[in-house]
Amino acid sequence: MGDYVRQLPHQGSHDMARRPSVVSRVHIDIPLLLLLLLLTFYGLVVLYSASGQSMAAVTRQGTYFALGYVVMLLAAQISLQRYARLAPWLYVLGLTALVAVVFVGVGAKGAQRWLEIGGFRFQPSEILKLVVPLVVAWFLAGRTLPPGLFSIGGSLVLLGLPAMLIVIQPDLGTSLLIAASGLFVLFMAGLRWRIIMLALALAAASAWPAWMYGLKDYQKQRILTMFDPDSDKLGAGWNIIQSKTAIGSGGWQGKGWLQSTQSRLDFLPESHTDFIIAVLAEEHGLQGIILLMGIYLLILLRGFWIGVHAQTNFGRMVAGSLTLTFFVYIFVNMGMVAGLLPVVGVPLPLVSAGGTSLITLLAGFGILMAISTESRNGAV
Amino acid sequence: MLPQFDLKDSQLESRIFGSRTIIAICLVVLLLGLILVRYYALQITEYEVYRTQSERNRVQLQPLPPKRGLIYDRNGVLLADNRPSYVLSIVRERVDDLDLALSELQGLLSISERDLENFHKKVSRSRPYEPVPLRFRLTENERALLAVNRFRLSGVVVEAQLLRHYPHGELFSHALGYVGRISEEEVQALDETDYRGTFYVGKVGIEKFYEDVLHGDVGYQNVESNAHGRVLRVLERFLPVTGKDLTLSLDYRLQRAAFDALGDRRGAVVALSPLSGEVLALVSTPGFDANLFVNGISYTDYNALRDSPDVPLFNRAIQGSYPPGSTIKPFMAMAGLQSGLVTPESTVPDPGWYSLPGDSHRYRDWILRITGTGHAPLVNMKMAIAESCDVYFYDLARRLTIDRMAEYLHPFGFGARTGVDTTSERGGILPSTDWKRDAMGQPWYPGETISAGIGQGYMLASPLQLAVATGVMASKGQRQVPHLVMAVDGKPLPVTSLEPLIAPAEYWETIFDGMREVVHGRKGTAKALAPGITYEMAGKTGTAQVIGIAQNAVYNEADVSERHRHHGLFIAFAPVEAPTIAVGIIVENGGGSSAASPIARDVIDAWLSSSPADG
């Protein structure tokens, strides 16, 4: 890896003057890496408490992180050009896998999301989270920007196909995330405001028919519960009541590390996975929330910075989309746990326990690093 | 694949991308700000609300039921205590399928319909993690069975619980009353906090009257428990305050003597200390095993008690209302003396019958049937009492009139509840013209006064009232409210004294003489008691005619004649010089006073032989 020849046109970077360091040779974005490590450490500290002081859980998560960072480093070594070239093939492969899920997939809790190959389970939808922005960016990068109607239509088909295949699994949350990642590419590509406004208006107009005919009962229930958790105290509302209680009872200072009663006494469900932010809020208070948000914001800003400094439209669009998708994770998770958004299965990125999303996210950061180092190193 | 950019497009695109990035950053900061505002609202603005809620989640108040106070007799004999009993409870939350669990339990031990019914009622009222009692009083065997099968009985717990126990069964059943499971109505009436964790409450008798004293104060512990209700640790504990112990004035030995003397007859005995009002014995037979009620009596047991022709649940000593018969005569004598209508020396001619002036109807003296004539040509008060002369009291009653009779008899406690410290007491009837008009809407007829003079007719009194009246007589007018409880936790209770009945010593002496003659006189109506007696006893016999069959009576043919026999009554006090005990006795359908009087001898013997100095 790394001994292929970079082919992107050099656009007169002043970086030429510097000697390529070891860091730049392995395509690492130091500020991003430091922020990610900081977040990882914070996350593991919270996880230790949220998992009921289980060192095993922390070790397992640490292993995922180790694996994730290796994947990130590998992803950082691949040139943008190669990503662009691979994108359509990965896309076709991903779609095939999604179709396969429909027929031979395995699942749990009424949802069919996994493929099992040689005893190894994987979730094709996770791969699509990265592939969709890549393929839409690849599609748009060859055309004039801002995108015309044909470009928009093509993009929508590219992001719509996997979104639809995932929605029938059913996994509305992931489907929306994937659709969003493709739409973010369009947004970064300069999609005209009047089209954006029109789309928003259409979305608003279709809300009622979607509610009536599109959403399943349990999905409607989640939305209703968000507005009035007390209506179903011991059922769907329980999670929200208990997570709000956990957050609120943390106050400014928090109850202290390992002192979360809501989680320790099992009042808070999913305390080490989707609802881990509630444990953080309970133990570390608003201070802890601000610290976490600070780290997240710095990571997001670094992502945007990388996008702005990307050498190609492909890089810009991918960087912008990946950063915005990362933000959506944060927003949706923190919002749902605090009762602002309906409960959907979105983990708190890089903090919630669980390997799959973590590895996908870190792979995404690997792509960001590839973009970052490409822009600075130019042709090495 | 890489398009040829011209410079202009490239700049445009770069600008578009720059502006989109700025917009994206603004959007991100705005939305993160929104989230932060939400967290600020929860953690700072509404902190108190959620802190309280979290505490409430975490900390649970668990009741620690108090131990019920014990009950002793005057000599420290234990009459009611608490014994450990094993209770089978179910924690609903830990049971997957309640019906399945119940049917599995039914395969192991007997669970009655009633148990199930009570269980289901309680289940609907309690929290999922609270153990709900299903079966009480598990036997050794049942506990062993449960222990062996524990692995497949998730959510089934066996707990030790203190249960009320009455070691003397029938002997004290009417004196003490009993506790029973708290009923639906009682749940409403009782202080819910105070009775958390307590399964039973006093239902009748002393157990009910002194419920507040016996119950104690509930304690609490604050426990930290998890979402499944499992207690993790005790944070704070306020111990319950044990109920206070009661020391009764009842004497086990007198109670035993009275109970044994009554045998299998229906009747009641009340003995009390004339100067203090302490009740020394209170027996009503037949009794019942009060232990049956402690955990909810079964329908079979209850029906058997309720439907028995002997009405064992009826407390004859305080609820029974009987015509006092001739036992009223000493009190009538005092009424006569106080009214000035007679003197100790004045006499009445006794031909064996009496008739009202201008009326041919003859009111017969009981002696007429036996001797064919009266007690003596002229009968004075002492003789009238000793031989139970009816004519003397017919004449006195007529002259006294019914209303003045009521006025003079009232201070002896007739016609009103005595106010004894137990439940369900009845006050009997002391007839008067007003009473008859109010109760029956009829005028008083002069003939009715005559029979009232010998305690027949409308007048009714309970054995307790007879004992109280006898006590007033024995103490020469001292009047106390009778009471069963002498001390609470060793501290004596104050005695409530009533205004004494003032009368010249001569009056008392005359009546005492007459009553002494009843037992010790040659022609005394209870002279059968005298042989072997070591003290002087004053008494008065009585017989009450049974006009109808007693209420609730279900009887068979063979019983009819027995149940038409007269009630035997007897009142007494002793020793005559300085009385320390007064008794009132009734034996239903005893045939006559001779059924009742030997009981007095047994009870007074037991009292005077055991504690000559007491009282």
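Let's start with helix 17 of chain B, which spans residues 390–400 and is mostly covered: nine of its eleven residues are buried. Keep in mind as you look around that this is a predicted model. The buried residues of that helix are Asp390(B), Val391(B), Tyr392(B), Phe393(B), Tyr394(B), Asp395(B), Leu396(B), Ala397(B) and Leu400(B).

Now for some aromatic rings. Over all chains, the structure holds 21 aromatic pairs. One of them joins Phe331(B) and Phe414(B) in an edge-to-face arrangement, with 5.5 Å centre to centre and 70° between the planes. Phe331(B) sits in helix 14 (residues 329–339) of chain B, while Phe414(B) belongs to the loop between helix 18 (402–409) and helix 19 (433–440) of that chain, so the pair ties together parts that are 83 residues apart in sequence. Over in chain A, Tyr296(A), Phe326(A) and Phe365(A) form one aromatic cluster.

Back in chain B, take a look at a charged residue, Glu142(B). You'll find Glu142(B) in helix 5, residues 140–148 of chain B. With a relative accessible area of 12%, Glu142(B) falls under the 20% cut-off and so is buried. Leaving aside residues up to four places away in sequence, Glu142(B) touches Leu109(B), Ser110(B), Arg135(B) and Arg137(B).

Finally, let's see how the two chains meet. On the chain B side, 40 residues are in contact with 60 residues of chain A. The area buried between the two chains is about 4,400 Å², and carbon and sulfur atoms give 72% of that. Phe17(B), Arg20(B) and Tyr39(B) supply 17% of the area that chain B buries against chain A, more than any other three residues.

What about polar links across this interface? The rule finds zero salt bridges between chain B and chain A, but it does find twelve residue pairs in polar contact, both partners at pLDDT 80 or more. Which elements of chain B give two or more residues to the side that touches chain A? They are helix 1 (7–45), helix 2 (47–58), strand 8 (219–225) and strand 9 (231–238). Helix 1 of chain B gives the largest share of that side, 22 residues. By type, the chain B residues on the side touching chain A divide into 24 nonpolar, nine polar and seven charged.

Methods. Residues are numbered from 1 along each chain as its sequence is written. Chains are lettered from A and ligands numbered from 1 in the order in which they are written. This is a predicted model: local features need pLDDT of at least 70, side-chain atom pairs count only at pLDDT 80 or more; totals for chains, interfaces and linings use all residues. Side-chain values use heavy atoms; hydrogens and water are left out. Contact means heavy atoms within 4.5 Å. Buried area is the accessible area (1.4 Å probe) that two parts lose on being put together, summed over both. A salt bridge is a side-chain nitrogen of Lys or Arg within 4 Å of a carboxyl oxygen of Asp or Glu. A polar contact is a pair of N or O atoms within 3.5 Å; within protein, one must be able to donate a hydrogen and the other to accept it, and residues adjacent in sequence count only if both atoms are side-chain atoms. Helices (H or I, at least four residues) and strands (E, at least two) are DSSP runs, numbered from the N terminus. Buried means under 20% relative accessible area, exposed over 50%, partly exposed in between (1.4 Å probe, protein chains only). Rings of Phe, Tyr and Trp (its six-membered ring) pair if their centres lie within 6.5 Å; planes under 30 degrees apart count as stacked, over 60 as edge-to-face and the rest as tilted.
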